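Please open the structure in a viewer and keep the selection tool at hand.

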Amino acid sequence: MTYVHIEHITAQEILDSRGKPTIEVEISGGGYTAKAAVPSGKSTGVNEAVELRDEDGGVSCVLKTIESEITPKLIGTEFASQKEIDTLLRGIDGIENFSRIGANSALPISIGALRLAAMQRGMELSDHIADVAGMQKSKQAPRLYVNVINGGAHADFRLPFQEYMIVPEHESVHDAYAYIVKAIEILGELIEERYGNVPLGDEGGYSFVSEMIEEPFELVSLAIEKAGGNAHIAIDVAASAFFEGGGYRVNGERMTKKALGGLYEKLVQAFPLKSIEDPFEEHDAESFTALHAAFPDILIVGDDFTVTDPERIAEVAKREAANAVIIKPNQIGTVSDTLEAIAVAHDVGWKTIISHRSGETLDTFIADLAVGTGAYAMKAGSPLQDVRRVKYERLLEIVG
Ligand code: PGA
Ligand code: ZN
């Protein structure tokens, strides 16, 4: 059985939400054309698959690789599965981490082929993903992890933590999304009263300068309440970004890992905080384990710590150092590896959160991936930015 038939591939440079060049491909065959674009991270884990760029930050080297090395091997070849395509891409690279051809050449091809296969089969992309993965589509639609206040590397460290998110607990995505729109408007008014007009960070969340660690939590809690409650707070600390010389630098002061753990304890007690991503720097598994043991009901989420790598996820699970994981396809480089990472996470009983990157495009693949794999949540930033909003809109379209 032929999985997909590819007749033509073109790749071009487009700009991401930060105005940086990235790759978009068009793959066609059998009268259909599928597009796919690759996002780009800023607070990246050291073990992520490699994103290749020219010396000046451009992507012409990646365009060249797609044209000269990848396209000739895919055109006219009959593939029996997504795995065959992705194995071929890994083979072309020849190195573990896509450091030769770049995950930014492999991933758009992998996603584009997946989309084209869905079209050629006459299937919805999310159904096709469920089929390829051998997974059940979720009965409950994914929750929304919506970034509403930006700090860390995404906002010049005006606030210490990178992301302050609202997670609505509504049954339907429609209700959750309507709630979020309202909560963001209320939060904007609260922040404007205190700080006037503030800039938005890389992921569209409000960003202001505050020395008080609790202040963003107070503001988000208040917005949640005023919008009608029924929501929690999630944070992405992205702790590797402020780890220096064996300690953490928070608002200009040094903090030990023990003190940082103590801070989380205070925050969990004071606020409706249910999910903490990358609470410690990415090599400190011991502190992750201790935090998970102290708060078994809180989601301790790996991102830089786990980098969508099936082996790392299995290892971290063995150490009981997390109970949830961020899934970012470009951290690992292909659709098949991403699906394997999700399968391993689900096998060990973790919650999966399918995520965008801080430099995004209008590609809405993560919404289909979240539904198709029955993921716990989709994390897509603030709908105040078009590149994020389209992902929520795609999710609404899929779940009807
Ligand atoms: P990045 O950040 O896309 O800039 O790496 C997102 C995150 O840390 O979750
Ligand atoms: Zn993160």
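Begin by selecting helix 3 (103-121), helix 10 and helix 12 (365-372), each of which supplies at least two residues to the lining of the largest cavity. The model on display is a predicted one. The volume of the largest cavity is about 130 Å³, and the structure holds 3 cavities of 30 Å³ or more. To find the middle of the largest cavity, select Ala37, Pro39, Glu360, Phe365 and Ile366, which lie nearest its centre among the 16 lining residues. By class, that lining comprises 7 nonpolar, 4 polar and 5 charged residues. At least three of its residues come from each of domain 1 (4-122) and domain 2 (143-399).

Next, move to the second largest cavity, with a space of about 70 Å³. Select His154, Glu203, Lys328, Arg357 and Ser358, the closest to its centre of the 13 residues that line it. What classes of residue make up the lining of the second largest cavity? There are 7 polar and 6 charged residues, and no nonpolar ones. Both domain 1 (4-122) and domain 2 (143-399) give residues to this lining, so the second largest cavity lies between them.

The pockets come next. Select Arg90, Glu96, Asp309, Glu311 and Ile332, which lie nearest the centre of the largest pocket, a pocket lined by 15 residues. Its volume is about 340 Å³. Colour helix 9 (310-318), helix 10 (329-332) and helix 11 (335-347), the elements that give two or more residues to the lining of the largest pocket. Helix 9 gives the most, with 3 residues. The lining of the largest pocket has 8 charged, 4 nonpolar and 3 polar residues, and at least three residues are drawn from each of domain 1 (4-122) and domain 2 (143-399).

Keep helix 9 selected, for it also gives the most to the lining of the second largest pocket, with 3 residues. About 190 Å³ of space lies in that pocket.

Now select Phe280, in the loop between strand 12 (273-277) and helix 8 (285-294). Is Phe280 buried or exposed? With a relative accessible area of 3%, Phe280 is buried. Beyond its neighbours within four places in sequence, Phe280 is in contact with Ala239, Tyr248, Lys257, Leu260, Gly261, Tyr264, Ser287, Phe288 and Leu291. For a sense of distance, select Ile354 as well: Phe280 and Ile354 are 74 residues apart in sequence and 21 Å apart in space, C-alpha to C-alpha.

Select Ile6, Ile109, Ile149, Phe161, Ile166, Phe217 and Ile235, which touch the most other members of the largest nonpolar core, a set of 118 residues. Helix 5 (residues 173-195) gives the most to this core, with 11 residues. Domain 1 (4-122) and domain 2 (143-399) both give residues to the core, so it lies between them. To close, centre the view on Ile149: leaving aside its neighbours within four places in sequence, its contacts include Leu159, Tyr164, Leu187, Ile191, Phe208, Pro216 and Val220.

Methods. Residues numbered from 1 in each chain as written. Chains lettered and ligands numbered in written order. Predicted model: local features only at pLDDT ≥ 70, side-chain atom pairs only at ≥ 80, totals over all residues. Heavy atoms only, no water. Core = buried A, V, L, I, M, F, W, Y, C linked by side-chain atoms within 4.5 Å. Buried < 20%, exposed > 50% of the residue type's maximum accessible area, 1.4 Å probe, protein only. Helix = DSSP H or I, 4+ residues; strand = E, 2+ residues; numbered from the N terminus. Domains from an automatic or database assignment. Contact = heavy atoms within 4.5 Å. 1 Å grid on protein atoms, 1.4 Å probe; cavity = no way out; pocket = protein on both sides within 12 Å on 5 of 7 lines; lining within 4 Å. Points joined across faces, edges and corners; volume = space filled by probe spheres on them. Nonpolar A, V, L, I, M, F, W, Y, C, P; charged D, E, K, R; others polar.
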